[in-house]
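User: I am new to this structure and would like to go through it by question and answer. Please show it first.

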Amino acid sequence: MSDKALERRKAKRVNASLNLEVKFPRSDGTQAVANLETINLSSSGVYFKSDHFIEPMTKLAMEMEVKVPVAEEEEGTALVPCEGLVVRTSPEEDTPGCDSYEVAVFFTHIEPEGMANLERHIAMIIEEMD
């Protein structure tokens with residue numbers, strides 16, 4: 001089987017350790033804010049570690065700070081506010097004693113400017129890998 005046959009994602013995924021602010025609903029109706037770090041990302045979603053279990057199908061508001069090229073050989077940063085839906089959490093249930101969950105989120109909304117910055121960041125990482 002070729003590598004292409006194994007890869008089902010449409011968007012290129014890259015390893016990236018970015019600051020990620022996540023707002024998620026609590027059971028009492030309030031919102032919790034957590035500052036986390038990404039594991040990898042693409043233009044369609046993000047994968048990150050959390051110290052709390054987040055139920056699949058939970059809607060999240062998030063904001064990432066990405067590095068982007070601003071001029072030849074110079075980098076700046078840009079914020080990428082976005083919304084997403086948790087599609088997978090591992091372990092799959094809240095586990096006593098577990099201090100780290102891996103969470104996969106599919107983006108449901110990113111403003112065009114944020115998407116452009118995200119895509120520029122991903123392209124920069126891919127270029128650095130080559």
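User: Leaving aside its neighbours within four places in sequence, which residues is Met64 in contact with?

Analyst: The model is a predicted one. Contact here requires heavy atoms within 4.5 Å. With neighbours within four places in sequence left aside, the contacts of Met64 are Leu18, Asn19, Leu20, Thr38, Val46, Ala78, Leu79, Val80, Cys82, Phe107 and Leu118.

User: Which element gives the most to the largest nonpolar core?

Analyst: The largest nonpolar core holds 29 residues, and those touching the most other members are Phe48, Leu60, Met62 and Met64. Elements giving two or more residues to this core include strand 2 (19–25), strand 6 (74–90) and helix 2 (112–129). In soluble globular proteins, nonpolar side chains tend to be buried together. With five residues, the element that gives the most to this core is strand 5.

User: Is the aromatic pair of Phe53 and Tyr101 stacked or edge-to-face?

Analyst: The count of aromatic pairs comes to one. Its ring centres, those of Phe53 and Tyr101, lie 5.6 Å apart. Planes over 60 degrees apart count as edge-to-face. The planes of Phe53 and Tyr101 stand at 70°, so the pair is edge-to-face.

User: How many residues apart are Phe53 and Tyr101?

Analyst: Phe53 counts as buried at 19% relative accessibility, and Tyr101 counts as buried at 1%. Phe53 belongs to the loop between strand 4 and strand 5, while Tyr101 belongs to strand 7. The pair thus links distant parts of the chain, and the separation is 48 residues.

User: What distance separates the end C-alpha atoms of helix 2?

Analyst: Helix 2 has 18 residues, and at 1.5 Å a residue these should span 26 Å. The distance between its end C-alpha atoms agrees with this expectation, at 26 Å.

User: Within what arc do the buried residues of helix 2 fall?

Analyst: The buried residues of helix 2 are Gly114, Asn117, Leu118, His121, Ile122, Met124 and Ile125. Seen down the axis, they line one face of helix 2, because they fall within an arc of 155°.

User: Which residues are exposed on the other side of helix 2?

Analyst: The cover over the buried residues of helix 2 includes strand 1 (14–15), strand 3, strand 5, strand 6 and strand 7. On the other side of helix 2, the exposed residues are Pro112, Glu113 and Glu127.

User: Is Gln31 buried or exposed?

Analyst: Gln31 has its place in strand 3. Exposed requires over 50% relative accessible area. The value for Gln31 is 52%, so Gln31 is exposed.

Terms used
Residues numbered from 1 in each chain as written. Predicted model: local features only at pLDDT ≥ 70, side-chain atom pairs only at ≥ 80, totals over all residues. Heavy atoms only, no water. Core = buried A, V, L, I, M, F, W, Y, C linked by side-chain atoms within 4.5 Å. Buried < 20%, exposed > 50% of the residue type's maximum accessible area, 1.4 Å probe, protein only. Helix = DSSP H or I, 4+ residues; strand = E, 2+ residues; numbered from the N terminus. Phe/Tyr/Trp six-rings, centres within 6.5 Å; stacked < 30°, edge-to-face > 60°. Expected span 1.5 Å × (residues − 1). Arc of directions from axis to C-beta.
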